[in-house]
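Student: Please take me through how to read the interfaces and the sheet in this model.

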Amino acid sequence: MSVGPDEEPLLAVRDLEVVFHTEREEIHAVDGVSFDIHEGETVGLVGESGSGKSVTARSILGLVDSPGSIEGGKVGFRGDDLTDDNWERHRGDIAIVFQDPSNSLNPVYTVGNQIKEALRIHQGLRGNEATDAAVGLLEDVGIPDPRRRVEEYPHQLSGGMQQRAVIAMALACDPDLLVCDEPTTALDVTIQAQILDLLADLQREEDLAILFITHDMGVIEDATDRVNVIYAGEIVERAPTGTLFSEPAHPYTEALLRSIPGRTNAAERLPTIEGEVPTPTGRAEDCRFAPRCPYAFAECHEMPPEHVDVGAERSAACLLHEDGSEEAAERTVFDGSEAVSGGDSA
Amino acid sequence: MARAHETTSGTLLPTNSPAAVWAAIGAVLFAAQGGAFFGFVVGVLGDLLTVTPLPGAAFVTAVEAAVEQIPTLLSRDVIPNDGYWNGSRWVGTFLGLPPGLAWGIRAALVYLYAFVFAGWVILGYRLYRREYRTADWTPRDDMVDRFRGHKWGIFGLVVVFMFVVMAVFAPVLGPTTVDENMRNSYSNEITYWDSDAEAVQTTLVGEANLASQSRGDNPERVLPMEYDDFGRFHPFGTLPSGQDLFTFIVSGSRLSLVIGLLSVGLSAGIAASLALVAAYYKGRTDLGLVLASDSVMAMPQLLLLIMLTTVLSGTWLAEIYSGGFVLALIFAGTGWTYMWRSLRGPALQVAERQWIDAAQSFGQRPLTIMRKHMLPYITGYLLIYGSMTLGGAIISIAGLSYLGLGIAPPTPEWGRAINLGQDYVATGSWHISLIPGLLITLVVTGFNALGDGVRDAIDPQSDATTEDGAAGRGGGA
Amino acid sequence: MNKLKYLGKRLLMSVPVVWLGASMTWFIIFMGPVDPASRLLSEGQTRNPAAYEAAQIQLGLNQPPLQHYLDWMSNLAVFDLGQTWLLYQGSNVNALILDFLPRTLWLGFWSVLIAVFVGVPLGFYAGMRSNTASDYVASMGGIVWRAMPNFWLAIMLLTVLGSAYTLAAGDFFALNFDWQTIGPNLDSISGSPDLSRLDTVDGFLAATKKVLPAAIVLGSASMGNEMRIGRTAVLEVRNEDYIDLAKAKGVSKRALVWKHILRNALVPLVPIITSEAFLLIGGSVLVETVFGINGIGNLFYQAAIQGDLPLVGTLMYVFILMIVGINLIQDLLYTLIDPRVGLEGS
């Protein structure tokens, strides 16, 4: 669903900063992240492990615990700044689904008990009414024989069904925004497809906005309308999904796309990005991707790049797109399907 | 890749090799106290062997006597404290100082030496790690570094170290000796200043003890850090029998430590071997062992100890080391179950690893697999549970000697001191029961802290929800 | 899967354990280096061959060992425990046990209660407020408490309670504390509790007060352990995903703590609580001796030092039964508390 640019976003994250204070160092897991989510749309947040995506997800829900804390920026939900201790008031408006379904349900209570807990808090349902509603929710998420399942314990369900039950529990809060933190990573590929279909159906039926967090570019391509690419705690590119895949504007995005199996020539080796995602121990003083970037030049190591508009509703944080840089004259937009000169290791 | 000629630190002496300096320091330290070290080792061996019909016993006693002749720096001869007042000054004490001060100096020097020695060892390790080792980094380095920052573990290590020093240097630390003060008190004499007669007199040690008894509120009682009427200094006061409590305690510490180490060592050996065997063969072997250990654990350890000590008393086994040896054996025999239970988890985990399968696939012998591929992974846990079990063993030994079992009286042991003093706790002789109890608490806390520190160093994410609850409790004392 | 089947299996496993334990006991007592018959007789009598032979026959030691073993085991199985030789000479062992055992059970009951109801809440408190000053104080207290030898603590406690104290603030008020007279009157602060009037309020209180100091001492060691493990359990549970999800659902803080965290933290505590029971049985010897309680532990000790070895063996059998019984109770509790139990088996 496309929305007009002047419509008020449902969720507006601005310059979010989350810092973890450990004994040895300070880790700036989220360092100035900003993005919007509008009603009814699916936005993706993609990045490698350690890029800060999960921390971002948790900070939207106010679930960041010591030694981490939100130290800057704001999370605006319908105008209210949640970081101002406002999470309690909006409980249920935003729901979250985690990666490991076996750990997401309390093992000592039945599935029904936990769904009814949410129903009681957000819809005031009790007793048989609540049970019926819970059964209905289980049915909605595609669990067969829901009357029986509602009385069972989490360990009695398979992984895929557990995740569906978690989604049901989230829906019981009647949320406007559903944050999904790698919801299918721990599941089989076939189940993965089913869960993705389920989420798409639910979005249509309930007009749900979804924040889809993953490292799997293939899933992003299928499931999202717009994408944010995150690297080392910073958003490096924002674009509508189709355009991101056909014309990536940031070298990191380009490298990510190239590493998807199936996108390169079968005869060549699968390209990888050498090196690892750095752990940011201070505010950005340079481009964090520069050490691994094939297009890096001198300025890249000296100043952090700001976001620059590179097209309709898209931006990238890369000095190559800054007006006036010499290299900008050469290329402003990368062709995602070409192999980069210089061989298969970027 | 020896980089001995490009060391990062300079040296004071005109050599370029820190290793040589280190070795030289070591030689000096060793020469000063070598006699004491040998004395400790030979003494323990001698105690263990004197009652067995082995031919080595006489030889060991001869060696013991010879070793005692080796001059050592920190001995009772060099810094004596058992002199006497002759009306105008102290005779026969170190530098003519009062006996209390002389003793204090000697004790402080002993501990100073011990810490210097420990520092020398640590320095050697750091030197080795920095200069002489080929590897730049091993996983053990991380563990050591984590332990270094672990305040609680360091505290435990210090306490345990001081306890070990007390045990090793026991003959030197006390103001007097067990032989003179307790065992042969009527064969030894002391000289003292009789203030009534205004003259120097001599008397038997036994008689002097009789006049220094601490029995409640009697006027002759000697409290901690006091002199008795005979010019003798008692850092911890005296017992109801008049004997010196500090000497009692330090010699008891040696007993506790040796028995503790022996029993835990045996326990660990049994537990580790069984754990490896059970984890390697799995299936019925494991089940059988679980059954066996459950049966042993079904008998409460303390009661089993009582039963076995009673049954085995009067046998030749119980003569060794005043009953300490048989105690250690019984401990090992009943205590291996807790350690085995704790090691079973890690051992099973290691057995699941693929390199075990790989080794089996190319025909490696089971024993070699267990020793080479599985054992290194459980040694860490051995350390943890070993140190905690040691603490528990100390409490159990004390408990048994409190009851009068285990260590045969009159051999000093901490539990017995508590027993001797229990009637006087509310009186003026409160020190007799209080001090040993406090010491036990401190030492056991130290062992537990050490175990905690090692555990956090080895696996920072592990938790305490394993069976070690039983391991650290000494079977019920 | 079936809880009853799991319990049945555990019950079945207990039988060989009891059998092995009893056999080991028999071996130690009757096949050990000490001759039980000669132990029973006094110095003068041992030289009397007739008396010696009579003792042997009475003990059944003139039979071949296997026969003796079978007789002994079958006697134990039907609780035909015979008579005593030295202790309370000639009394029926069954009656003796029935007289002494309740006192130990009373002591054990209160010890466990104190350990659980003081140790566990303290541990939970420390876990919820981890790494604060109160956590450190509580944890340190627990550690030191655990390192104290319980017989020493018993002596100290007896001393403290044996004197009367006065807390005075000038002329305004004076608080007299005399353990002997506070609440129900005790004729002496040590000695066995009178269990004959437990059905009356007064009798119950008096018996409880009598045994309270001993129970505190006996429970103190376990208390320290339960505290430490309770704390760790709470810390672990707090970090689980399902707690975060419950928080995201909007569950109230109180419900989060009581319904979700504590209920799960109890799970690892169950085996600890019951394993401490073993130690209680062993440690009761020391505590009973100091406090002069004529319980079964004290009986065991007296029998051992006086040389009544057959009684020692019989009593050990009773202890084995008690411990195995406690194990079974632990399994029962486990199945009640954790719905996942029964799946893997052990």
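The dialogue below takes up a chain interface, a domain interface and a sheet.

Tutor: This is a predicted model, in which local features need pLDDT of at least 70, side-chain atom pairs count only at pLDDT 80 or more, and totals for chains, interfaces and linings use all residues. Residues are numbered from 1 along each chain as its sequence is written, chains are lettered from A in the order in which they are written, and side-chain values use heavy atoms, with hydrogens and water left out.

Student: What area is buried between chain B and chain C?

Tutor: The size of an interface is often given as the accessible area lost when the parts come together. Here chain B and chain C bury about 4700 Å², with 77% from carbon and sulfur atoms; buried area is the accessible area (1.4 Å probe) that two parts lose on being put together, summed over both. In contact (heavy atoms within 4.5 Å) are 54 residues from chain B and 53 residues from chain C.

Student: Which helix gives the most to the side of chain B that touches chain C?

Tutor: Helices here are DSSP runs (H or I, at least four residues), numbered from the N terminus. H16(B) gives the most, with eleven residues.

Student: What do domain 2 and domain 3 of chain B bury between them?

Tutor: By an automatic or database domain assignment, domain 2 of chain B spans 178-244 and domain 3 spans 246-471. Their C-alpha centres lie 38 Å apart, and they bury about 1400 Å², 72% of it on carbon and sulfur atoms. Phe236(B), Leu239(B) and Asp244(B) supply 37% of the area on the domain 2 side, more than any other three residues.

Student: In what order do the strands of the open sheet in chain A run?

Tutor: Strands of a sheet pair through backbone hydrogen bonds, either parallel or antiparallel. The order in chain A is E2-E1-E4-E5, with antiparallel pairing; strands (E, at least two residues) are DSSP runs, and two pair if DSSP finds at least two bridges between them. Two bridges join E4(A) to E5(A), and Gly76(A) has Asp81(A) as its bridge partner.
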